[in-house]
Amino acid sequence: MSTDAIAHDDHHDEPAKGLMRWVTTTNHKDIGTLYLLFSLLMFFVGGAMALVIRAELFQPGLQLVDPHFFNQMTTMHALVMIFGAVMPAFVGLANWLIPMMIGAPDMALPRLNNWSFWIMPFAFTLLLATLFMDGGAPASGWTIYPPLSLQTGDAFPFLIFAIHFMGISSVMGSINIIATILNMRAPGMSLMKMPLFVWTWLITAYLLIAVMPVLAGAVTMLLTDKFFATSFFNAAGGGDPVMFQHIFWFFGHPEVYILILPAFGIISQIIPTFSRKPLFGYASMVYATASIAFLSFIVWAHHMFTVGMPLAGELFFMYATSLIAVPTGVKVFNWVATMWKGAITFETPMLFALAFVVLFTIGGFSGLMLAMAPADFQYHDTYFVVAHFHYVLVPGAIFAIMAAVYYWLPKWTGHMIDESLGRKHFWLSVIGVNILFFPQHFLGLAGMPRRIPDYALQFAEFNALSSIGAFIFGLSQLMFLWIVIKTIRGGQQASDQVWEGAKGLEWTLPSPPPYHTFETAPEIK
């Protein structure tokens, strides 16, 4: 081989620098960081859309935006927040933490990992581009029910292809996570010694692989109905629009558990650390997570109590939905029992974890109310439903992600977070989120329909209050952004025992703790 060729090979093996490093990286930490930064960007995009909605609803009447654009905002806000903010954040955390927690050098399929991420920016460029097209973005809610969704103009195929790309990214990421967890654990780490975060992601990954193709099928049928004269959901051609709802919610209900199970894992890591105790009932937590995942497949039609299904169907879905409260209750009980008689300290991650437990439970109780078929006839499509799922997803999923960032950022950057700023961000967030969503329970019980830009005068005070809460919560997230930037750029050096109060307890404590923390694979003796 000539010296020139050897020199060329040497040059080729040099690691990429600058922008190309991030484009071509196969390092799980780099890809985790990319997912988290992308998620943060989408969080602010989706948040801005929510503020448009709340600004319009600040008082009765139509003032800021036209009704069609208002409905586009409700649709896009949901799609961006679910597929652009919450899911990529959890995948980013999985990329960063799973190899560290199981003692693997990287993810099992590093190039697939890179591809999984880089599909996302293109998917969301397609999705957001629909706002600027003829006929505009879909105004049918994130559920894109026909026949309303088929009224969308030229933007429709862009929406469908964006959803396909998101699904491909999710499925590839899930295959990678499963392959990593099942094949790359350090010696001595059996499945029942894995940290809870790893368990929740293993189960979530199976859910994603099961349901994303179902969504892909549903939206492809919509596409052929619109452009190829099929009649899957067109009653005039012998189709059934309610069939779309069944297919969509068979995906959609497991999806809401995909959005919360990794949060359960995060909270199950944080509470033991700041309580100075191993997690109470580790095995029951694993089985509860698996039970929730299984039950999530047989409850989909509780979103459809009002479509006119047979009474037997309503009874089945009502009982099956009520059953999910059991494993969820086990989890809440175990978190509380972990804290019981523990030496608790209230650092920022623990504050977010405690808010999660309390506020997620409120969301759980309102979910139990919605599970009751006769009552749901009254609550359906009102702001009570909006209050319910936002209590699950904002103080649930998003608070858990924030807790995770505050908890692990010192480990990732080597710098401590600014604790006093973190606490201020927590209190502004928790006050804002309750002022925002708690009044919506009363609006819904009084009969205010959701997804409507105008409302009757008797709802004015609660709506004004809700909108004020939205702006408190939304603007306080700028503080979160500042804390993250500040921590990355510098700050107090992080020690081995990162959290001051947690002396003598390794702060990435798995539950139950194996004989060491598996930060690196142990030597095989």
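Which helices each supply at least two residues of the nonpolar patch? Bear in mind throughout that this is a predicted model, and begin by selecting Met369, Phe438, Phe442, Leu445, Phe462 and Leu465, which together make a nonpolar surface patch of about 510 Å². The helices in question are α15, which covers residues 419-445, and α16, which covers residues 460-489. If you colour the patch by helix, you will find that α15 gives the most to it, with 3 residues.

Within that selection, turn to Met369, whose place is in helix α12, residues 348-371. Met369 has a relative accessibility of 33% and therefore counts as partly exposed, since that class lies between the 20% and 50% limits.

Next, follow the chain into the loop between α15 and α16, where Arg451 is placed. The backbone deserves a look here, as Arg451 has a positive phi of about 60° although it is not a glycine; with a relative accessible area of 26%, Arg451 is partly exposed.

Now select Lys331, which is found in helix α11, spanning residues 311-339. Is this lysine buried or exposed, and what is the nearest side chain of opposite charge? Lys331 is buried and yet has no salt bridge, the nearest side chain of opposite charge being that of Glu255, 18 Å away. What the side chain of Lys331 does have is a polar contact of 2.7 Å with the side chain of Thr289. To see the surroundings, display Phe264, Met285, Ala288, Thr289 and Ile292, which Lys331 touches when residues up to four places away in sequence are not counted.

From there, move to Ser170, found in helix α6, which runs over residues 156-183. Ser170 counts as buried because its relative accessibility is 14%, and the limit for that class is under 20%. Leaving aside neighbours within four places in sequence, the residues in contact with Ser170 are Met87, Leu208 and Met212.

The peptide bond from Pro146 to Pro147 is cis, with omega near 0°.

Methods:
Residues are numbered from 1 along each chain as its sequence is written. This is a predicted model: local features need pLDDT of at least 70, side-chain atom pairs count only at pLDDT 80 or more; totals for chains, interfaces and linings use all residues. Side-chain values use heavy atoms; hydrogens and water are left out. Helices (H or I, at least four residues) and strands (E, at least two) are DSSP runs, numbered from the N terminus. Buried means under 20% relative accessible area, exposed over 50%, partly exposed in between (1.4 Å probe, protein chains only). Lys and Arg count as positive and Asp and Glu as negative; His and the chain ends are not counted. A salt bridge is a side-chain nitrogen of Lys or Arg within 4 Å of a carboxyl oxygen of Asp or Glu. A polar contact is a pair of N or O atoms within 3.5 Å; within protein, one must be able to donate a hydrogen and the other to accept it, and residues adjacent in sequence count only if both atoms are side-chain atoms. Contact means heavy atoms within 4.5 Å. Patches are made of residues with over 30% relative accessible area and no salt bridge: like charges are joined within 9 Å, nonpolar side chains (Val, Leu, Ile, Met, Phe, Trp, Tyr) within 5 Å. Accessible areas come from the Shrake-Rupley method with a 1.4 Å probe; for residues, only the protein chains shown count as cover.
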